[in-house]
Amino acid sequence: MAQDKIAAVTGAGSGVGKQSALALLREGYSVAIAGRRADALQSTVSEAGEAGRRCLAVPTDVADPAAVDALFAKIKETFGRLDVLFNNAGVNAPGIPFEDLTFEQWQRVVDINLTGSFLCAKAAFRLMKDQQPMGGRIINNGSISAHVPRPNSAPYTATKHAITGLTRSLALDGRKYDICSSQIDIGNAATEMAMRMKDGVPQADGSVAVEPLMDVQHVARAVVHMANMPLDANVQFMTVMATKMPFIGRG
């Protein structure tokens, strides 16, 4: 049990973020949860039951630097330190032809998926380097799309490839502060975002196919495993995916 350990999870009102926050609470962490919708965050707290007393809900737009600064100030004020950040908040753009994407659709994905992860990681770095004992762990939510794209997914795929670069840079730059950086690449977890897989999604050959899903709890347990590693060891990259999804051989 990770008693006295503090974690923060972004995008914690639904999906992977919500289930990971609940898993960390069950493990004994105190958890700061962030997301844009206060009602969704409150749902996560309520679902945690008694463990919800160790949960701090802070409505946050991760693309807003002032909101991110306020989030981490609240974490420091409430808990005094931060051991783990799960940089999970993310959105997708409509699956339309590349040439039809608007600047606004592109920018929204970049702002939340990439800039939001940068802002949260920077704030976590500052807190982790100054606390005693120094150090901590940042886990970035990459994706299968950090490796290979789906059709008509340029904004999402580009930001997830960039997350891999951010993860590697954080891992290097964090060494002197005992800050570890990891990435979990998830494929077809059964969340709201992935439910369309059951109805069939476009494939690289132009066909439409139903894809298998996996229980999102496998992802939540993986996040807890990564979080629990001592700071002298690191799961640098982990892929958790539905076994028979078209990733190996995609394209």
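**A loop residue to begin with**

A: Ile 96 is found in the loop between β4 and α4, and please keep in mind throughout that what we are looking at is a predicted model.

Q: Is Ile 96 buried or exposed, or something in between?
A: Ile 96 counts as partly exposed, because its relative accessible area is 25%, and the cut-off for buried is under 20%.

Q: What does Ile 96 touch, apart from residues up to four places away in sequence?
A: With those residues not counted, Ile 96 touches Leu 101, Gln 105 and Asn 152.

Q: How far is Asn 152 from Ile 96, then?
A: Along the chain they are 56 residues apart, whereas their C-alpha atoms are separated by 5.6 Å.

Q: Where is Asn 152, and what is its phi?
A: Asn 152 is found in the loop between β5 and α5, the helix of residues 154-173, and its phi is near 55°, a positive value in a residue other than glycine. Asn 152 is partly exposed, with a relative accessible area of 40%.

Q: Which other residue has a positive phi although it is not a glycine?
A: Asp 178 has a positive phi of about 60°; this residue lies in the loop between α5 and β6, the strand of residues 179-187. Asp 178 counts as partly exposed, at 42% relative accessibility.

Q: Changing topic, where is the cis peptide bond?
A: A cis peptide bond joins Gln 132 and Pro 133, with omega at about -5°, and Pro 133 sits in the loop between α4, residues 103-130, and β5, residues 136-141.

Q: Now the sheet: how many strands form it, and in what order?
A: Seven strands form an open sheet, and reading across it the order is β3-β2-β1-β4-β5-β6-β9, with parallel pairing. From one strand to the next the twist averages 15°.

Q: Which strands stand at the edges?
A: Those are β3 (55-59) and β9 (237-241), and each has a single partner strand, so one side of each is left without a neighbour in the sheet.

Q: What does β3 pair with?
A: Five bridges join β3 to β2, and the two run parallel; as one example of who faces whom, Gly 35 stands opposite Pro 59 in β3.

Q: Which helices pack on the sheet?
A: Helix α3, residues 65-79, packs on the sheet and touches β1, β2, β3 and β4, and its direction makes about 160° with that of β3. Helix α4 also packs on the sheet, touching β1, β4, β5 and β6, and its direction makes about 175° with that of β4.

Q: How many residues of β1 are buried?
A: Five of the five residues of β1, numbered 6-10, are buried, so the strand is largely enclosed by the rest of the structure. Both of its faces are covered, with Ile 6, Ala 8 and Thr 10 buried on one side and Ala 7 and Val 9 buried on the other.

Q: And what are the partners of β1?
A: On one hand, β1 pairs in the parallel sense with β2, residues 30-35, over five bridges; on the other, β1 pairs in the parallel sense with β4, residues 84-87, over three bridges. Ala 7 stands opposite Val 31 in β2, and Ala 7 also stands opposite Val 84 in β4.

Q: How does the chain get from β1 to β2?
A: The chain crosses through helix α1, residues 15-27, and this β-α-β crossover is right-handed.

Q: How do α1 and α2 pack?
A: Helix α1 packs against α2, residues 38-47, at an angle of about 35°, with the two axes 10 Å apart, and their crossing is right-handed. Lys 18, Gln 19 and Leu 22 in α1 meet Ser 43, Thr 44 and Glu 47 in α2; by class, this contact has one nonpolar, three polar and two charged residues.

Terms used. Residues numbered from 1 in each chain as written. Predicted model: local features only at pLDDT ≥ 70, side-chain atom pairs only at ≥ 80, totals over all residues. Heavy atoms only, no water. Helix = DSSP H or I, 4+ residues; strand = E, 2+ residues; numbered from the N terminus. Buried < 20%, exposed > 50% of the residue type's maximum accessible area, 1.4 Å probe, protein only. Pairing = 2+ DSSP bridges. Right-handed = clockwise from strand over helix to strand, strands pointing away. Axes fitted to C-alpha atoms, helices over the stretch in contact; angles between N-to-C directions. Left-handed = near helix turned anticlockwise from the far one by under 90°. Contact = heavy atoms within 4.5 Å. Nonpolar A, V, L, I, M, F, W, Y, C, P; charged D, E, K, R; others polar.
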